[in-house]
Amino acid sequence: MNRFLASLTALALLGGCQAFAPSAPDSMPPVEESSPPSEPAEPQEYASFSEETLFALLTAELAGQRNRFDIALGNYVQQANATQDPGVAERGFRIAEYLGAEQAALDTALIWAQNAPDNLDAQRAAAIQLARAGRYDESMDYMESVLQRQGDTHFDFLALSAAETDPDTRAGLLQSFDRLLQKHPANGQLLFGKALLLQQDGRPQEALELLEAQPAKKNEIAPLLLRTRLLQGLKRGDEALPLLQKAVRKHPDDKRLRLTYARLLVEQQRLDDAKGEFVALVQRFPEDDDLRFSLALVCLEAESWREGIIYLEELIERGSHVDAAHYNLARAYEEMGEPESALIEYGLVGPGNDFLPAQARQAELLLSSQRGDEASNRLSKARESQPDYAIQLYLIESEALSKQDQHERAWQLIQQALEQYPEDLNLLYTRAMLAEKRDDIERLEQDLRFILERDPENSMALNALGYTLADRTTRYAEARSLIEQAYRLNPDDPAILDSLGWVNFRQGNLDEAERLLRLALRRFPDPEVAAHLGEVLWAQGKQREARKIWANALKEQPDSSILRSTLLRLTGSETL
């Protein structure tokens with residue numbers, strides 16, 4: 001009985017992870033072996049196991065064949081611990097890795113490594129699992145063991161796994177890298193790992209200098225890609241282009257390299273060259289629809305509308321990136337002056353990332369062509385068919401109506417929405433902004449106060465209420481308190497800086513108002529901010545500079561009502 005079980009178990013074990021390769025096409029892929037399988041062991045290798053162990057291992061293999069991976073993994077982990085056998089531990093590790101069972105993968109990798117000290121795959125597996133678990137010092141010890149045996153290490157994985165750690169941990173790892181580099185100063189894997197750590201530690205210049213001092217060897221592409229990223233981060237992307245050009249000539253079939261080169265060309269606004277690279281990539285990898293989609297977007301960016309349309313239509317035919325393709329087809333048709341074709345494409349965008357932007361553009365197109373009823377009908381049908389998007393669709397329609405100065409219609413729509421969703425904070429905020437257009441400051445304050453009761457740290461509501469009180473009432477102290485709360489929560493928001501400048505103006509602090517409004521305009525060149533800054537300058541007797549500010553703003557927004565009304569109020573004319 002023991003011999004029969006031993007033979008069956010040996011055969012099952014020698015089958016490797018193929019026993020765990022699911023037959024269904026949509027299941028997880030089988031584990032990729034990190035090294036070629038070793039020579040088959042003779043069945044008697046397992047004869048020293050107890051009958052209980054053999055039975056557990058056979059049960060595990062049969063369970064795996066029946067997709068009961070939980071039983072298979074449990075049995076292998078249990079027997080790896082009980083027997084300390086490296087073969088059993090390796091098998092358990094492979095199954096755990098396949099299932100993404102992190103703790104089991106770590107436990108079995110350590111048993112495997114401890115019982116097979118000369119097996120480089122075992123030492124490497126233990127190092128990676130320890131790094132995954134945040135046990136970096138122990139991982140480094142195993143990495144060093146692999147390095148001493150002249151094996152390929154994964155110092156890059158160790159460095160990347162430390163990306164989200166605290167600075168002290170990264171500093172300790174850097175010391176460990178430096179210690180090993182003293183012993184192995186020319187080891188490219190160590191140098192690359194240290195460069196990654198320096199990059200993560202916010203020291204890109206040092207990382208770049210390290211890589212430049214030890215140029216990548218002929219077949220080392222990862223260090224070159226990191227060097228490219230570092231140059232881009234340092235705003236020196238133009239220096240990376242010749243490096244990538246040379247590398248692409250050496251490795252024309254490396255997709256990562258060519259894709260990085262193509263994207264860098266886009267970044268450098270060399271769109272025709274980028275398009276040529278993406279065309280070459282699609283020809284070399286015709287089944288990669290991500291590349292085809294990128295090529296389509298580059299064509300649109302280069303205003304090669306017809307060419308972009310061809311690639312987008314190919315994607316739809318292939319059933320890939322379908323919604324994004326319809327959305328970008330609509331963009332192309334808009335740019336070509338074919339709004340009806342654009343409306344058709346926007347209407348074909350299904351639920352997902354592009355659904356709401358498509359609905360927004362569709363509504364704006366229809367409203368701008370005086371087809372408001374059609375816009376409302378389409379959005380109403382969209383709310384019925386996609387109830388999960390109903391609130392966002394109400395907001396989209398309200399904003400589109402407001403852009404067309406149809407404030408009363410937008411008000412009625414939001415009232416309708418609030419009947420369905422009476423406590424939705426976004427709808428209440430929108431109603432508050434529409435109330436201001438209707439001079440209903442009491443309604444505005446009620447809605448914003450309601451929002452702040454539910455969400456006291458809502459900086460947008462704090463700022464809106466504070467600004468309105470400063471602009472439309474004489475409750476300046478209260479307004480200032482609200483705006484300062486918003487500023488503490490979000491000090492970089494130019495809208496809050498504008499409000500803070502405006503309340504200072506209302507309180508007579510003209511110098512501080514000017515400083516804040518200049519800062520706000522620099523961060524956000526908006527006509528309302530320009531109107532405010534011009535008014536402060538006008539009040540200080542700096543009329544010439546005020547006119548200059550207004551003139552620049554009018555060039556960008558000639559139809560701005562707030563600029564025109566400010567000019568009329570202060571100069572007696574809507575023009576300069």
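User: Where α6 passes α7, is the crossing left-handed or right-handed?
Analyst: This is a predicted model: local features need pLDDT of at least 70, side-chain atom pairs count only at pLDDT 80 or more, and totals for chains, interfaces and linings use all residues. A crossing is left-handed if the near helix is turned anticlockwise from the far one by less than a right angle, and right-handed if clockwise. For α6 passing α7, the crossing is left-handed.

User: How are α6 and α7 oriented to each other?
Analyst: Helix α6 covers residues 120-132 and helix α7 covers residues 136-148. Their axes (lines fitted to C-alpha atoms over the stretch in contact, with angles from 0 to 180 degrees between N-to-C directions) come within 8 Å and cross at roughly 160 degrees. Angles under 35 degrees count as roughly parallel, 65 to 115 as roughly perpendicular, over 145 as roughly antiparallel and the rest as oblique. The two helices α6 and α7 are therefore roughly antiparallel.

User: Which residues of α7 make the contact with α6?
Analyst: Contact means heavy atoms within 4.5 Å. Residues are numbered from 1 along each chain as its sequence is written, and side-chain values use heavy atoms, with hydrogens and water left out. From α6 come Leu120, Gln123, Arg124, Ala126, Ala127, Leu130 and Ala131. From α7 come Tyr136, Glu138, Ser139, Tyr142, Met143, Ser145 and Val146.

User: At what angle do α20 and α21 pack?
Analyst: Helix α20 spans residues 355-368 and helix α21 spans residues 372-385, with axes 7 Å apart. They are roughly antiparallel, and α20 passes α21 in a right-handed crossing. The contact includes Phe355 and Leu366 of α20 with Arg378 and Leu379 of α21. The packing angle is about 160 degrees.

User: How many helices does the protein have?
Analyst: Helices (H or I, at least four residues) and strands (E, at least two) are DSSP runs, numbered from the N terminus. The count of strands is 0. The count of helices is 32.

User: What share of the 576 residues counts as buried?
Analyst: Buried means under 20% relative accessible area, exposed over 50% and partly exposed in between, with a 1.4 Å probe and protein chains only. Asn504 is buried at 2%. Gly347 counts as partly exposed at 44%. For the protein the buried share is 46%.

User: Why does the pair of Trp502 and Phe505 count as tilted?
Analyst: The structure holds 6 aromatic pairs. Rings of Phe, Tyr and Trp (its six-membered ring) pair if their centres lie within 6.5 Å; planes under 30 degrees apart are stacked, over 60 edge-to-face and the rest tilted. For Trp502 and Phe505 the centres are 4.9 Å apart, and the pair is tilted because the planes are at 35 degrees.

User: How far is the charged end of Arg438 from the ring centre of Trp411?
Analyst: A charge sits over a ring if NZ of Lys or CZ of Arg is within 6 Å of the ring centre and within 35 degrees of the ring normal. The charged end of Lys255 sits over the ring of Phe285 at 4.7 Å from its centre. The charged end of Arg438 sits over the ring of Trp411, and the distance to its centre is 4.1 Å.

User: Which residues does Glu445 touch, not counting residues up to four places away in sequence?
Analyst: Glu445 lies in helix α25, residues 441-454. Its relative accessible area is 16%, so Glu445 is buried. Beyond four places in sequence, Glu445 touches Leu465, Leu469, Arg475 and Glu478.
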